[in-house]
Amino acid sequence: MTLLIKYTLIYGIVLMLVALGACFSEHSGIINIAMEGIMVIGGVFGLLVLVMLPAGTSSFMKVLISICTAAAAGVVYSALLAFASINLKADQTIGGTALNLLATALALVLVKRYNNTMSGGTGTQSPKLSFVNSDFIFNIGPITVNVFLFVGLALLVIAIVVLYRTRFGMRLMACGEHPQAADSVGINVYRMRWCGVLISGFLGGIGGLAYIVPAVQVWNFESGVTGMGFLAIAVMIFGQWKPGRIFLAAMFFAVFKALANIYDSTFLTALNLTKEVYNMMPFIASMIILAFTSKNSRAPKAEGVPYDKGQR
Amino acid sequence: MTLADYVIEMLNITKEFPGIKANDDITLQLKRGEIHALLGENGAGKSTLMSVLFGLYQPEKGCIKKNGQVVEIKNPNDANALNIGMVHQHFKLVECFSVLDNIILGVEPNKLGFLQKKEAREKVLRLSEQYGLKVDLDALVEDISVGMQQRTEILKMLYRDNEILIFDEPTAVLTPQEIDELMQIMKNLAAEGKSILFISHKLAEIMAVADRCTVLRKGKYIGTVETKNTTVEELSAMMVGRQVNFKVDKAPAQPGEVVLDVQHVTVPSKLHKNNAVKDVSFQVRRGEIVCLAGIEGNGQTQFIHALTGLDAMSAGTITLCGKDISKAPIRQRSKDGMSHIPEDRHKHGLVLDFTLEQNMVLQRYWQPQFQKGGFIKFDAVREYSDRLIEQYDVRSGQGSVTVARSMSGGNQQKAIVAREIDKDPELLIAVQPTRGLDVGAIEYIHQQIVAVRDAGKAVLLVSLELDEVMNLSDRILVMYEGEIVGQFDPKTVTVEELGLYMAGAKRMEL
């Protein structure tokens with residue numbers, strides 16, 4: 001049971017962070033299908049910095065620097081999507097898909113290069129990166145938690161406040177709902193959309209690191225982030241683009257995801273299902289849930305449509 | 001001239017778009033505290049001129065003065081800083097925001113970026129009291145009536161302390177009662193010292209509310225007149241460039257054989273459990289215009305959807321030229337001789353992002369005339385489209401390759417009328433064919449419909465405008481709550497009598 005809670009919290013926070021990121025982007029009017037790629041980029045840069053920090057660095061600094069690096073990498077990477085979809089008015093789904101493809105490839109190149117250098121140029125082609133995650137984890141009573149739990153909850157509160165209590169959030173949502181209206185009252189739609197996408201890069205980058213670090217000590221970048229970015233988009237839709245509901249939706253999906261990790265140590269072994277069935281469960285659940293709920297979804301009205309000042 | 005004379009002057013404004021000179025040396029002078037109407041047909045350049053004033057477009061030539069000082073207006077923020085506000089024809093409201101949020105959007109009172117809605121609420125309440133603008137501040141815009149949405153737009157301007165208020169065709173979307181209310185509001189605003197620019201092509205409203213009127217035609221300045229010294233006829237002649245005939249010229253109908261036979265049609269409602277259309281039966285003959293009159297929302301839309309095949313009906317039969325088409329798909333109905341000028345030209349009439357020529361062959365691209373082996377004959381399409389544009393006087397920036405979305409509403413409608421009539425139908429169904437159009441275009445479309453009738457075709461007209469009903473039809477059927485409650489000859493019935501049937505106060509057994 002404690003294992004279930006542990007993994008649910010890990011995955012729940014990851015899904016929530018990334019879904020919140022996508023939510024900011026979509027509220028500004030840009031569909032961000034590139035969350036998967038942003039997670040990979042955030043994860044690989046965060047990890048590389050983590051393993052390259054000098055040995056004497058304090059735990060606190062290690063955590064801080066690697067998280068900041070992941071966030072910054074996500075922001076930079078998401079800027080590509082922002083430039084393509086806002087300035088060049090490209091199709092947002094295609095742009096996002098391209099970024100997803102690029103991210104995994106880029107991560108593999110970087111990790112293989114790093115491994116090769118570390119092994120003294122022996123030509124190793126390992127896509128796996130080993131690291132130490134002890135600085136990120138600690139115990140509260142019987143439950144193991146990681147720093148991302150607190151980072152995530154803090155960011156959730158900030159996201160709610162920003163979206164619903166500030167001028168920025170109100171203008172951001174206006175741009176995603178009715179950019180012509182926002183423009184007519186003097187709001188710079190392009191700038192707000194840039195902000196929305198960059199925030200999604202920030203949260204997605206952290207989310208990538210948060211997915212990889214707490215659970216394991218070695219990560220194979222060939223599989224990217226195993227579809228967590230897409231699952232997060234499902235979470236965002238199930239959460240109806242509202243941060244509070246996204247949190248609940250993320251925890252709900254996380255339970256399914258966590259089951260895959262721990263089923264072999266519970267009564268579920270009696271069912272004699274293979275691991276693959278459990279691995280599929282969150283995705284099947286998301287398909288079923290979205291099939292039934294997406295009809296009533298309240299997506300930002302103008303999302304996916306490039307804003308063009310001249311159009312009637 | 002003293003400083004107080006003109007609050008805004010637009011002098012010799014010229015604005016060009018690719019292929020079209022939207023404003024050609026136009027001068028407009030607005031006095032403090034007056035209601036000044038800007039009159040012109042669709043595409044005359046009214047909206048462009050106002051967009052220049054509001055900072056959405058930059059003019060190539062000319063200057064704008066406020067209180068005698070030359071000012072530059074580069075964007076809506078500049079306009080706002082000069083206290084110029086605008087209610088756009090299509091409201092610029094965020095539907096999932098509350099009324100209050102929409103009013104303060106862009107000028108939100110805040111401390112360090114955090115919203116302070118309380119003071120905003122007090123100010124808005126004060127304004128709504130002062131000017132008699134009733135709104136529910138906490139209701140979402142998507143839940144409120146069009147009239148209240150418009151009041152929200154007006155409050156948006158007042159909240160910004162705007163002195164010069166631009167109304168872009170404000171009555172197009174309102175019911176008659178809401179129009180009366182708006183007229184009163186505009187008079188109140190002018191009495192409080194606001195200066196109002198009122199864009200319209202509805203002459204009666206201009207005569208009722210405006211002090212002066214500036215007329216544009218095809219991008220050119222025609223003149224400015226005092227409304228108390230002019231007449232509707234004079235204004236319309238200035239606007240169109242010729243005398244307009246408000247009465248439709250037509251010979252008495254010569255009804256022939258039955259073309260459309262509707263028997264016991266019942267259509268379920270999508271909103272509630274009752275039927276939207278209940279047991280409707282009537283016939284339309286060759287050479288007559290039958291009008292389905294009624295107040296909006298009494299089942300006309302649902303009936304037409306069933307008749308044209310857009311929706312299914314639950315009972316009854318429809319016979320077109322002796323052939324049962326009750327269950328026929330839309331293309332079959334079209335092939336059998338049905339033409340449909342739809343109520344919503346954006347939704348059912350045009351593919352807005354297609355070019356004009358593509359729209360012209362939407363129902364015909366598969367005919368041998370336009371394709372061979374699945375490949376479109378582009379030359380034939382272009383030729384056909386060019387002919388329709390020429391013949392029906394559809395005006396656009398780039399002819400056949402103009403994107404439909406960029407055209408004015410009147411010309412979009414003309415394109416649809418051209419396409420539907422040129423199909424040479426047995427039955428023409430025209431649903432509110434002149435909605436939102438100016439008098440010149442209305443006259444033209446009415447003539448076309450009469451010509452179709454005189455060519456021996458059957459015409460079914462659906463209209464909410466009593467003038468149109470009385471003028472155009474040969475026979476009137478009144479629909480009330482999904483039933484036909486009366487049948488009249490327009491020559492013998494009065495508008496008042498029709499009104500009683502439309503309101504459900506009277507009904508006859510048919």
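This is a predicted model: local features need pLDDT of at least 70, side-chain atom pairs count only at pLDDT 80 or more; totals for chains, interfaces and linings use all residues.
User: What is the order of the strands in the open sheet of chain B?

Analyst: This open sheet has six strands, and their pairing is mixed. Neighbouring strands are turned by 20° against each other on average, direction ignored. Read across the sheet, the order is β18-β21-β22-β15-β23-β24.

User: Which strands of chain B stand at the edges of that sheet?

Analyst: Look for strands with a single partner, because such a strand has one side left without a neighbour in the sheet. In chain B this applies to residues 338-341 and to residues 483-488. The edge strands are therefore β18 and β24.

User: In which sense do β15 and β22 of chain B pair, parallel or antiparallel?

Analyst: Strand β15 covers residues 289-293 and strand β22 covers residues 458-463, both in chain B. One place to look is C291(B), which stands opposite L461(B) in β22(B). Over five bridges, the sense of the pairing is parallel.

User: At about what angle does helix α14 of chain B run to β18(B)?

Analyst: Helix α14 takes in residues 409-422 of chain B. It lies across β18 and β21, the latter being residues 427-431. Its angle to β18(B) is about 170°.

User: Let's turn to where the chains meet. Which element gives the largest share of the side of chain B that touches chain A?

Analyst: Here 19 residues of chain B are in contact with 15 residues of chain A. On the chain B side, the elements giving two or more residues are α2 (76-81) and β8 (114-115). By class, that side has seven nonpolar, seven polar and five charged residues. The largest share, three residues, comes from α2(B).

User: How are α3(A) and α4(A) oriented to each other?

Analyst: In chain A, helix α3 (residues 59-87) and helix α4 (residues 92-118) have axes that come within 9 Å and cross at roughly 155°. The crossing is right-handed, and the contact includes L80(A) of α3(A) and L99(A) of α4(A). Angles over 145 degrees count as roughly antiparallel. So the orientation of α3(A) to α4(A) is roughly antiparallel.

User: How many nonpolar residues does the contact of α1(A) with α10(A) have?

Analyst: Helix α1 (residues 2-28) and helix α10 (residues 243-262) of chain A have axes that come within 6 Å and cross at roughly 135°. The two helices are therefore oblique to each other, and their crossing is right-handed. Among the contact residues are L3(A) and Y7(A) of α1(A), with F247(A) and A250(A) of α10(A). Alongside three polar residues and one charged, the number of nonpolar residues is 19.

User: One last stop: does N296(A) count as buried or exposed?

Analyst: N296(A) lies in the segment after α11 (275-293) of chain A. With 7 C-beta neighbours inside 10 Å, N296(A) counts as exposed.

Conventions
Residues are numbered from 1 along each chain as its sequence is written. Chains are lettered from A and ligands numbered from 1 in the order in which they are written. Two strands pair if DSSP finds at least two bridges between them. Helices (H or I, at least four residues) and strands (E, at least two) are DSSP runs, numbered from the N terminus. Axes are lines fitted to C-alpha atoms, for helices over the stretch in contact, and angles run from 0 to 180 degrees between N-to-C directions. Two residues are in contact if their C-beta atoms, placed from the backbone, lie within 7 Å. Ala, Val, Leu, Ile, Met, Phe, Trp, Tyr, Cys and Pro count as nonpolar, Asp, Glu, Lys and Arg as charged, and the others, Gly among them, as polar. Angles under 35 degrees count as roughly parallel, over 145 as roughly antiparallel, 65 to 115 as roughly perpendicular and the rest as oblique. A crossing is left-handed if the near helix is turned anticlockwise from the far one by less than a right angle, and right-handed if clockwise. A residue is buried if 20 or more other C-beta atoms lie within 10 Å of its own, exposed if 12 or fewer, and partly exposed in between; C-beta atoms are placed from the backbone.
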